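Here's a quick walk through a few spots worth a look. Have the chain open and follow along.

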Amino acid sequence: MLLLGCIKEVSDYELAISLPNGLSGFVPVTQISDAYSKLLTKQVAQGELLEELNSLPDIYSPGTLVRCIVTSIEKGDDGRRSVKLSIDPKKVNKGLNSTALAAGMLLSGSVSSLEDHGYLIDIGVTGTHAFLPHQKAKNYIKAAKKGPDLKIGQNLNCLIVEVKNEGRVVCLSIDRSEVAASTATERQNWTLSNLLPGLVVKARVQKVAPLGMKLTFLSYFTGIVDFMHMDPEKSMSYSPDQVVKACVLSVHPTSRAVRLTLRPPFLHPGGAPRQLPSQRMGVVLEEATVKAFYKQFGAVFELDDGTLAFARSKHLSKTRKSFKLGAFKEGCKHKCRIIDYSLMDEMCVVSLKHQVIEARFLQYQDIHTGDVVQGKVLSLKPIGMQVKVADGIRGLVPSLHLSDVILKQPEKKYNVGDEVKCRVLECNPGGKKLILTLKKSLVQSKLPVLSNYEDAKPGLITHGFVVCAREFGCIVKFYNDVKGLVPKNELGSEPVSCPDKVFYEGQVLKVMVLKCEPQQERLLLSFRLSSKPGPGDKWKYAPKEKQDVKYQIGEIVDVKILKKKDNGLEVSILEDEDNVVAWIPILHLSDFVATSKLLWHCLQEGDVLPRVMYLSDKGEHIILSRKSAVISAVQEEQVVRSFSEIQPGMLLTGYVRNVMPFGVFVEFPFGVTGLAPKVSMSDKFVTDTKDHFVVGQTVIAKVMSIDEEKQRVLLNLKVSECSSGDPAAESFALLNQYFKELKENRDLLRRGEPSICELVPGKRVHLVVQDVREDGSALFSGSSVTGLTVTATCYHLGDKNISPGEKRKALVLHVDALTSEVYVSLREELLKQRP
């Protein structure tokens, strides 16, 4: 079937064509012309770009009319039909032969080659050589603004000026004024077998009907004009025997039906239909007025700007059963959304469906880099997963992005039809390219989306994924193909000698921007997020140089709390005439992380903390520590003061400085640091390092090896490897220290919250049942627990059936002073053990 179409979109691999009656089709890059296909084959064979081969966007522009022939109709994975077309003159003009060619004929041609005096044009007629002189192409080239010459593969509307040697040689013109003035006549001997779309003819109205008209043209041809192709200005005024100008839209080969249009832009060959302003696409209109309803076809509406729009039957209601004919009488108003624009019908296509009106995405232009989208799995292929985001919008999740780790068998995790939550890595609406990621750490990230080099300001912290780990460092990628280098010295707090063994392709990590040169698209990054303090990390101390610091690491001092801050205590050192100000980070208040938080909660400004150790004076402030194990290690000289003192096999007491996916960095007094790789962190198998250690935790580490050249220390944190003597005695000593600190905290807490301090584990209390939850646990109240949340789990209610309002005896199991929560038991065997 031959059709007149209008180019809607151009990509490197195909032309999207708008066809009459709201249809659309695609011309693959291999269906342009013989000469263009030969150049493509040559380029593929040679493996390098050919100068004479131009890309489709260089040759074609949206809005250009082209003659097409349907080559196939294919059914896609989602059940939709796709119309494949060709604009190759050999296929479009297959009904023509050299003897049928006549001066004044208008037909399609394609540039074959550039010669000295003009161009050889392929018009698809065997045995005919078509030539286009430079003079006849000059005005067209100037107006097209596509360069100084026509390009091989360029499709042209050609007018035959002269026929020589019985059709073996023809001379052509593509001059716009000559082409626009051409009209098909009886003298050109057109027949139904070679009649071409795009021909403009004089026609006579034979019959007028509600859905269109019947016309006669070129003496003995008959054709149909449907309701969408009448001139909107004259649609109600046509009458039999009226003479009109018409353009052939399509010719069906078997039924031999010819369809025509009376719309003004098509009545001059080479014309261009009106385009829809881009801002109108996707607009929701509160009121669109019904102009006409056509059973089995749809309805025509008048929009707010006076233009007409068409809605197909399936877009008039949610289901066929919910359709109400009475709602589509002329003058009725409906809410609708513009979902497409048919260039060939010069009409918006609208939908009244609620799910379409409310849809987040209608076209690729609606999607932005960094958006989180829901999709449905369409297929799984070696290159990745194809996902349907919305009707007509598909994305690809590359195999690298199917999970946080590389999946060897993705089909075991995902099935066709599964709903998936993705994040947009890259969106190119022009090329209909949508790249997505399923990596949870990227999808759930709350950090800024880095999608262009201009936004990469020094100090910015964001998530990126490793694409390459080599001797020089790591290449990290972000959104929209933005990428940067993490040099070797910025891979961690400690030197990493073999980055390819520590980092893997696809690994998601937090990175900080150090430097960016947008013009050169160069980005320098760091995995050391604390290498430059943010505005929240600066403490308002007197600068170090202004303080006459006279303390040595390991010296014990008493301090007074000046100010409580979220991340620690600002203190002054007592018995110092200069009132030296120092800082105790919250995690240095105790060896136990939970106790540190509780002690911070209990302390007040003005309190005195005895026996605090001078730890360091890095940066602008003095840091003190109250960690008992660290203080003991320094006092007992079980420390190393420099890298040169470290020996393999040593047991050292330190604290966790940083937890990375590949291991844990441990810092020791006097500033020496080491790395415990993932394999040496625990006696258990480590999946996620964060499940085993937290920053600030006190640890005993065993030195495994040292690299003097790179000043690197490798550590072992396995409990089985880090015992110095009797494991039982060490464990009891730790527990003893823990309970001692808990008692100190309780004494401090007694000042502000005396009631919670009276509740010690093992104490019997009288309570009243407040509520029984769905999970079987119960809430209690009582005079002794005012202001506290008292809970007993289902197990600790024993066999008793309790109801709100009852009084019960209970035994205190645990008290959480930080959250003011108390856990109790009503079990008889526990209550009997207490007097």
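Predicted model: local features only at pLDDT ≥ 70, side-chain atom pairs only at ≥ 80, totals over all residues.

**Around strand 17**

Let's stay with that strand for a moment. Strand 17 spans residues 298-302, and four of its five residues are buried, so the rest of the structure largely encloses it. On one side there's strand 16 (residues 284-294), which pairs with strand 17 in the antiparallel sense over five bridges. These two strands make a hairpin with three residues between them, and Q296 takes a positive phi near 70° there.

Strand 17 also pairs with strand 18 (residues 308-312), again antiparallel, with five bridges joining the two. Here E302 has L308 of strand 18 as its bridge partner. Strand 17 and strand 18 form a hairpin too, this one with five residues between the strands, and G306 in its turn has a positive phi of about 90°.

**Positive phi in loops**

L218, at about 45°, is one of them, and E521, at about 55°, is another. Here's where they sit:

| Residue and phi | Loop between |
|---|---|
| L218, about 45° | strand 12 (212-217) and strand 13 (221-226) |
| E521, about 55° | strand 29 (508-517) and strand 30 (522-526) |

Is L218 buried or exposed? L218 counts as buried because its relative accessible area is 8%, which falls under the 20% cut-off.

**The S1 motif stretches**

An unreviewed UniProt entry carries the annotation "domain: S1 motif" for several stretches, including 198-263, 370-439 and 459-528. Take residues 370-439: the chain there is 0% helix and 54% strand, and the end C-alpha atoms are 13 Å apart. For residues 459-528, the figures are 6% helix and 50% strand, with the end C-alpha atoms 11 Å apart.

**D175 and its surroundings**

One last stop: D175, in the loop between strand 10 (169-173) and helix 5 (176-181). D175 is buried, with a relative accessible area of 8%. What does D175 contact, leaving aside its neighbours within four places in sequence? The residues are K136 and N139. With N139 there's a polar contact, side chain to side chain, at 2.9 Å. Q135 lies 40 residues from D175 in sequence, with their C-alpha atoms 8.9 Å apart in space.

How values were computed
Residues numbered from 1 in each chain as written. Heavy atoms only, no water. Buried < 20%, exposed > 50% of the residue type's maximum accessible area, 1.4 Å probe, protein only. UniProt positions renumbered as here; feature names shortened; annotations may be inferred. Pairing = 2+ DSSP bridges. Contact = heavy atoms within 4.5 Å. Polar contact = N/O pair within 3.5 Å; in protein donor to acceptor, adjacent residues only side chain to side chain.
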